[in-house]
Amino acid sequence: MNTQHSTFSLGGLTLHRIDFDPATFTDADLLWLPHHAKLQPAGNKRKAEHLAGRLAAFYALRQYGLRHIADIGDRRQPIWPPEIYGSISHSGTTALAVGAKHPVGVDLDAIFTPVMANEVVGSIVTPEERCMLEASGLPFELALTLAFSAKESLYKAYSFATSELPGFNSAQVIALNAGQITLRLTEAFSPGLAGEMCQIHWRQDHRQVITLLSKTLQSA
C-alpha cells in the first residue's frame, strides 16, 4: 500500500501522520503485522485503515527507542508497550498516532455537514452545551465536530478508568476557544472521577479536525 509519513506538533507532543492510498492495498501488506491473522475477516477498507494506523503507531513508538507493533486487545484497543501510553485515529485516507509517558488520546474527524450536525446534535451535547457551542464564535458545524472529537479523545485516553463504553453524556463541554476545548467528567464516566477537568488541544486541517488530550486530569 502506498503511504506517506509526516509529523506535526500539537499540545507539546509529536503526532505521526500516515496518508495512504487504499486502492493500492493488498492482503500481502498485512504480513508486516504479527497479528495479521486477526484481520482476515475484515473488509479491505478496514484492513487498509488498520495497517495505516499501526504504521503511524510504529513511528510514534520509535521516538522512545522501541520497535513495537501494537497488537489488538480484547476490547479492540491497541496494546502498547509497558510504561507507554498511545492512541490511534483514522479518517478518510489519513491515520494519526501519538505516544507518551502519560495517558493520551487523539482523534481525527471530518467536519459535520449542516445536515449531519442537525441530525446528531442531540446525541452529542446537552442543550446547555449547545448554547455554549453556539456562543463560541466558531461555525456551529465546526464547534459540534470539536465537541464530538474531544469526547472521543478523552475516552481513548482514559478508557482504563471505566469498565463500560462511555456515552457522550459522560463528559460535558464547558469551554471552547481557538486551540483548546475544556471537558468536565460526569458520574456517567466514573463516579470517582466526576467533576474532574481536562483540556484538549485542537486544530483544523482543511475539512477535518484533530483533537488531542495530552495532559493528566485536573481537579475542578
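**View 1. His-201 and the residues it touches.** Skipping neighbours within four places in sequence, His-201 is in contact (heavy atoms within 4.5 Å) with Leu-10, Gly-11, Gly-179, Gln-180, Ile-210, Thr-211, Leu-212, Ser-214 and Lys-215. You'll find His-201 in strand E10, residues 197-205; strands are DSSP runs of E with at least two residues, helices are runs of H or I with at least four, and both are numbered from the N terminus. His-201 counts as buried, at 14% relative accessibility; buried means under 20% relative accessible area, exposed over 50%, and partly exposed in between, using a 1.4 Å probe and protein chains only.

Keep in mind that this is a predicted model, where local features need pLDDT of at least 70, side-chain atom pairs count only at pLDDT 80 or more, and totals for chains, interfaces and linings use all residues. Residues are numbered from 1 along each chain as its sequence is written, and side-chain values use heavy atoms, with hydrogens and water left out.

**View 2. Ser-170 in its loop.** Look for Ser-170 in the loop between helix H4 (140-157) and strand E8 (171-177). Ser-170 is buried, with a relative accessible area of 1%. A polar atom of its side chain sits 3.0 Å from the backbone oxygen of Gly-167. Not counting residues up to four places away in sequence, Ser-170 also touches Tyr-155, Arg-184, Leu-185, Thr-186, Ala-188 and Phe-189.

**View 3. Where helices H3 and H4 meet.** Here Glu-129, Arg-130, Leu-133 and Glu-134 of H3 meet Phe-140, Ala-143, Leu-144, Ala-147 and Lys-151 of H4.

Methods:
Polar contact = N/O pair within 3.5 Å; in protein donor to acceptor, adjacent residues only side chain to side chain.
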